[in-house]
Each structure stands twice: as C-alpha cells, then as structure tokens.
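Subject: Handing over the structure

Dear colleague,

I am passing this structure on to you, and I would be glad if you could look it over with the notes below beside it.

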Amino acid sequence: RMQGKNVMQPMGWDAFGLPAENAAIANKTAPAKWTHANIAYMKNQLKQLGFGYDWNRELATCKPDYYRWEQWFFARLYEKGLVYKKMSTVNWDPIDQTVLANEQVVDGRG
C-alpha cells in the first residue's frame with residue numbers, strides 16, 4: 001500500500017472441529033456460541049492493533065456459507081472416486097481427542 005499497490009488482506013478464522021467443541025464443553029457453553037465469542041474477541045484485538053485487514057472479506061470455517069462449499073467439493077471428489085479411506089499412523093492428542101498435524105507435535109507431545 002505504501003508503494004501505491006492494491007493489497008488484499010482478507011481474514012479467515014479456522015474455527016471448526018474437535019478442539020473448539022472440547023473447549024466449549026470445558027467452558028459449559030455451546031460450541032457455536034463459544035467460537036463466535038472468541039472470533040469477536042480476537043477481531044477486536046486485531047482492530048485495536050490497527051492491522052489493515054479487509055473485514056468485508058472475512059470468513060470463518062464454522063459458518064454455513066463457508067462449509068457448504070467444502071461439503072459440495074468433497075461430494076464431487078467422492079463422486080469421481082478421488083476420496084478414499086485407509087489405515088495409517090497418526091499423531092493422536094488424548095487431551096483434545098483429535099489428530100494433530102506433524103507440525104503441531106513437539107517432542108512427541110501436542
């Protein structure tokens with residue numbers, strides 16, 4: 001922007017899955033309420049810091065207008081035979097009761 005260029009800075013919230021659900025359960029609230037409250041809190045913090053995100057292009061993976069397309073895409077992959085299931089070794093997190101990516105595991109712990 002400082003060089004006169006148009007810069008698009010959208011904001012996306014990866015806000016769907018077992019960790020969010022488990023946190024909501026631990027805090028005795030509904031997952032949607034918990035997730036939306038956390039998004040609002042973080043968004044407010046980012047605005048106070050003055051970051052130049054384009055809030056008109058904000059998305060959250062927990063909103064139906066986002067995940068409906070992910071489900072649609074998955075269904076197309078399934079119809080084409082590109083989806084499969086297999087046995088594999090995974091990084092299991094017993095606390096959140098979910099699988100972790102290799103990048104999330106440090107010294108054998110999540």
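The notes that follow take a helix, then some loop and strand residues, and then the surface.

Please keep in mind that this is a predicted model, in which local features need pLDDT of at least 70 and side-chain atom pairs count only at pLDDT 80 or more, while totals for chains, interfaces and linings use all residues. Residues are numbered from 1 along each chain as its sequence is written, and side-chain values use heavy atoms, with hydrogens and water left out.

Helix α2 has 19 residues and reaches 27 Å from its first C-alpha to its last, close to the 27 Å expected at 1.5 Å a residue, where the expected span is 1.5 Å times one less than the number of residues. Within α2, T35, I39 and L46 are buried (buried means under 20% relative accessible area, exposed over 50%, and partly exposed in between, with a 1.4 Å probe and protein chains only). Seen down the axis of α2, its buried residues fall within an arc of 35°, so they line one face of the helix; the arc is that of the directions from the helix axis to the C-beta atoms. On the other side of α2, K33, Y41 and Q48 are exposed.

The cover over the buried residues of α2 includes β1 (12–13), α1 (18–26) and β2 (59–60). One of these buried residues, L46, has a relative accessibility of 11%, and, leaving aside its neighbours within four places in sequence, L46 is in contact (heavy atoms within 4.5 Å) with M11, W13, F51, Y53 and W55. Just after α2, G50 takes a positive phi of about 85°.

Most residues other than glycine have a negative phi. K28, in the loop between α1 and α2, has a positive phi of about 55° although it is not a glycine, and at 76% relative accessibility K28 counts as exposed.

R57, in the loop between α2 and β2, is partly exposed, with a relative accessible area of 45%, and beyond its neighbours within four places in sequence R57 is in contact with M8, P10 and M11. T61, in the loop between β2 and α3, counts as buried at 13% relative accessibility; setting aside neighbours within four places in sequence, T61 is in contact with W13, D14, A15, F16, Y66 and Y67.

In strand β4 (residues 98–100) lies T98, which counts as buried at 17% relative accessibility. Apart from neighbours within four places in sequence, T98 is in contact with L18, P19, N91, W92 and D93.

Notes: Helices (H or I, at least four residues) and strands (E, at least two) are DSSP runs, numbered from the N terminus.
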